[in-house]
Amino acid sequence: MSGGTVVEKTVTIQNRHGLHVRPATQLADLAGKFKSAVTILKDGQEVSARSIIELLTLAASHGTVLHLRAEGPDAAEAVDAIERLVNSKFGLE
Amino acid sequence: MQILKGTPVSPGIVIGEAFVLDIEEYRMPRRAVPPEQIEEEVSRFEAAAAKVGSDLQADIAHIQAFLPDENLADIFAGHLSIMKDLAPQIVHSVREYRFTPEHAVSKKVRMIVKQLTSREDPTGFTTRLVADFTDVEKRLLRTLFGQRGAAPSGANLKSVIFARDLTPSQTIRLDRSKVLGFVTELGGRTSHTAILARAQGIPAVVGIANVTRDLSGGDTVIVDGSKGLVIVEPDEETLKKYRAIERNFISFEKRTADEMRSQPSETRDGIAVALLANIEMPEEAAHAREYGAGGIGLFRTEFLMFDPRNPAGEKEHFDAYRKVITAMEGRPITLRALDIGADKMVDDSAQQEKNPFLGCRGIRYLLERMDLFRTQLRAVLRASAFGKLRLMFPMVSTLDEIKQARAIIQDVRDELDREGSAYDAELPVGIMIEVPSAAIAADLLCAEADFLSIGTNDLVQYVMAVDRMNEKISALYQPANPAVLRLLRQVLEAGQRAERPVSMCGEMSGDPLFTALLLGLGLRSFSTVPSAIPEVKKVLRSVTISEARQMAQEALAFPDAHQVVEYLTERTKRIIPELF
């Protein structure tokens with residue numbers, strides 16, 4: 001990630017059913033659109049936001065706080081986009 | 001290396017590969033792929049993944065067309081995403097670790113599931129996720145196995161079967177020549193798996209929670225059925241230690257079996273003693289012969305009730321009995337009428353009783369279910385025309401029950417006479433002695449019983465008022481308790497006085513510790529799991545009747561079970577030191 005910057009942000013899962021398969025798919029798809037590497041941290045566990053399986057193993061239920069971290073040329077855009085998705089409750093509610 | 005502790009239910013030590021039978025009975029094949037076949041396996045997996053992908057797409061399309069439920073379609077769309085994410089990781093495992101795709105899929109999903117379930121889950125959130133992952137796993141495995149046909153590569157290897165629980169129908173479908181050992185999450189000493197394992201002389205450990213979840217097919221495991229240990233992926237040192245024990249154990253068992261097979265079954269002073277086998281299924285008759293059984297002392301017939309809603313018909317009963325008669329080539333066979341109820345009811349549709357062990361089971365149940373009882377009696381009687389059969393009833397507690405059962409037998413005989421069907425008019429009809437009332441009043445029951453067979457498992461449980469599955473009090477389950485020994489002596493004496501043959505078919509009769517004592521009390525017919533026959537024979541061939549009587553007298557003089565066991569251990573050690 002040459003010339004990349006690091007952007008970090010904290011979000012809270014607000015949709016009732018948590019980060020289950022469908023929202024995790026949306027998140028992974030979204031993260032895959034950026035050049036930056038996005039990781040998500042929770043309780044010391046760090047996963048790639050591009051992997052739906054890894055996202056699911058976070059077992060992030062309603063109210064869980066996630067720490068986003070992006071590194072790369074479009075790090076800020078990536079983090080913002082993901083924050084918007086999470087805050088929109090993944091368009092599910 | 002991981003050491004798991006369970007309940008030891010069948011002794012012996014084996015080392016082998018794990019074979020996980022999950023609820024859908026998929027078999028996880030051995031994992032090492034020869035280097036030249038790796039790319040072939042990768043393409044096989046990719047083809048399977050593509051197939052699963054198109055199946056999922058088809059399911060989604062189907063749902064959208066016929067069940068316009070967005071959530072439902074979403075679930076499958078989610079599975080598709082999981083699969084797409086999973087696929088490259090599986091390919092990596094196949095290339096990097098030479099896993100078969102089946103093993104790689106299973107291992108990966110087990111890992112994810114383990115990670116998910118390691119957390120608290122108050123909302124049921126992870127439970128649903130686990131279901132999603134296992135669903136994808138099953139689709140992949142089903143497709144992978146589908147390509148390969150019915151015989152996955154692992155099926156030819158001997159392996160240790162791991163399962164949550166083995167149902168009788170699963171057990172019967174296993175190729176027993178390929179089973180090294182059994183490990184299950186559920187079950188106790190009297191579970192079907194346990195009884196079957198002991199009958200086959202296969203080491204088994206039960207009651208290890210979550211073992212199928214935490215383990216993958218192909219893992220190397222050591223099963224120590226004597227101590228109740230299962231060691232997963234053992235280190236070199238442990239492996240070495242157990243290999244040595246395994247060799248000794250096998251060679252001792254085999255040596256004893258080989259040495260004893262052709263020896264007559266008699267005491268040192270030449271008194272003939274019947275050594276018979278307990279069997280669960282007709283196929284085991286051959287096994288009984290291998291161990292030198294002089295006949296079948298307990299042919300359990302509950303296998304005919306695998307599906308209680310659809311019980312076996314007369315023909316199935318008859319064919320099964322004929323099979324054993326043919327296999328035993330004229331040797332005597334004692335068949336036990338269906339012993340259903342309590343723990344033996346394989347279906348939960350059975351009426352829930354508050355206290356099933358004191359409930360409607362054995363002969364009590366048969367007298368209620370005239371349809372089942374008559375079907376079996378017809379088959380038994382018709383089969384009796386072809387060999388030396390005896391029939392006995394389980395759970396008899398009163399004289400009246402035998403009278404009632406006999407009246408029904410007479411009625412069935414009349415029916416067969418009218419049809420012109422042949423049967424043995426002299427078919428001996430006896431009873432199990434496993435209820436204290438029957439044991440205490442054995443002399444009175446002899447009036448209606450042609451023979452007695454002591455079922456020590458239940459008898460000890462009822463005499464001691466101890467449920468042996470209850471860990472807290474299992475130390476009170478004492479076959480060597482003076483109360484039990486006195487009662488056994490009483491039953492044997494009652495049989496002798498009434499000139500009724502008495503045999504024993506509980507676990508006690510297969511335990512070499514008790515062989516000389518039982519001989520001394522007057523027992524002349526032992527029925528046991530086939531694999532125990534050689535050891536029992538070895539003990540009885542090395543004592544005389546007067547020595548055995550002396551031992552019985554001394555053993556019965558002790559005030560408690562511990563001293564009896566200590567005494568018997570010390571005496572038996574002189575005969576078979578290898579056992580201790």
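This is a predicted model: local features need pLDDT of at least 70, side-chain atom pairs count only at pLDDT 80 or more; totals for chains, interfaces and linings use all residues.
How many salt bridges does the rule find across the interface of chain A and chain B? The rule finds zero salt bridges there. Together, chain A and chain B bury about 1400 Å². Chain A holds an open sheet of four strands, and chain B holds an open sheet of eight strands.

**The interface of chain A and chain B**

- Chain A contributes 19 residues to the contact, and chain B contributes 19 residues.
- Of the area of about 1400 Å² buried between the chains, 64% lies on carbon and sulfur atoms.
- Three residues, A:Val21, A:Arg22 and A:Ile53, account for 38% of the area that chain A buries against chain B, more than any other three residues.
- Although salt bridges across the interface number zero, four residue pairs are in polar contact across it, with both residues at pLDDT 80 or more.

**The side of chain A that touches chain B**

- Helix H1 (21-32) and helix H2 (52-57) of chain A are the elements that give two or more residues to this side.
- H2(A) provides the largest share, with five residues.
- Sorted by class, this side of chain A comprises eight nonpolar, eight polar and three charged residues.

**The sheet of chain A**

- The four strands of this open sheet follow the order E1-E4-E2-E3, and their pairing is antiparallel.
- Strand E1 (5-12) and strand E3 (45-48) of chain A each have a single partner strand, so one side of each is left without a neighbour in the sheet.
- On average, neighbouring strands of this sheet are turned by 25° against each other, direction ignored.
- Within the sheet, strand E2 (residues 37-42) and strand E4 (residues 65-72) of chain A are paired over five bridges in the antiparallel sense.
- A:Thr39 is placed opposite A:Arg69, a residue in E4(A).

**The sheet of chain B**

- The eight strands of this open sheet are arranged in the order E1-E8-E7-E3-E4-E5-E6-E2, with mixed pairing.
- At the edges are strand E1 (2-5) and strand E2 (7-10) of chain B, each of which pairs on one side only.
- Neighbouring strands of this sheet are on average turned by 30° against each other, direction ignored.
- Strand E3 (residues 13-21) and strand E4 (residues 159-163) of chain B run parallel and are joined by five bridges.
- B:Val20 has B:Phe162 of E4(B) opposite to it.

Terms used:
Residues are numbered from 1 along each chain as its sequence is written. Chains are lettered from A and ligands numbered from 1 in the order in which they are written. Side-chain values use heavy atoms; hydrogens and water are left out. Contact means heavy atoms within 4.5 Å. Buried area is the accessible area (1.4 Å probe) that two parts lose on being put together, summed over both. A salt bridge is a side-chain nitrogen of Lys or Arg within 4 Å of a carboxyl oxygen of Asp or Glu. A polar contact is a pair of N or O atoms within 3.5 Å; within protein, one must be able to donate a hydrogen and the other to accept it, and residues adjacent in sequence count only if both atoms are side-chain atoms. Ala, Val, Leu, Ile, Met, Phe, Trp, Tyr, Cys and Pro count as nonpolar, Asp, Glu, Lys and Arg as charged, and the others, Gly among them, as polar. Two strands pair if DSSP finds at least two bridges between them. Axes are lines fitted to C-alpha atoms, for helices over the stretch in contact, and angles run from 0 to 180 degrees between N-to-C directions.
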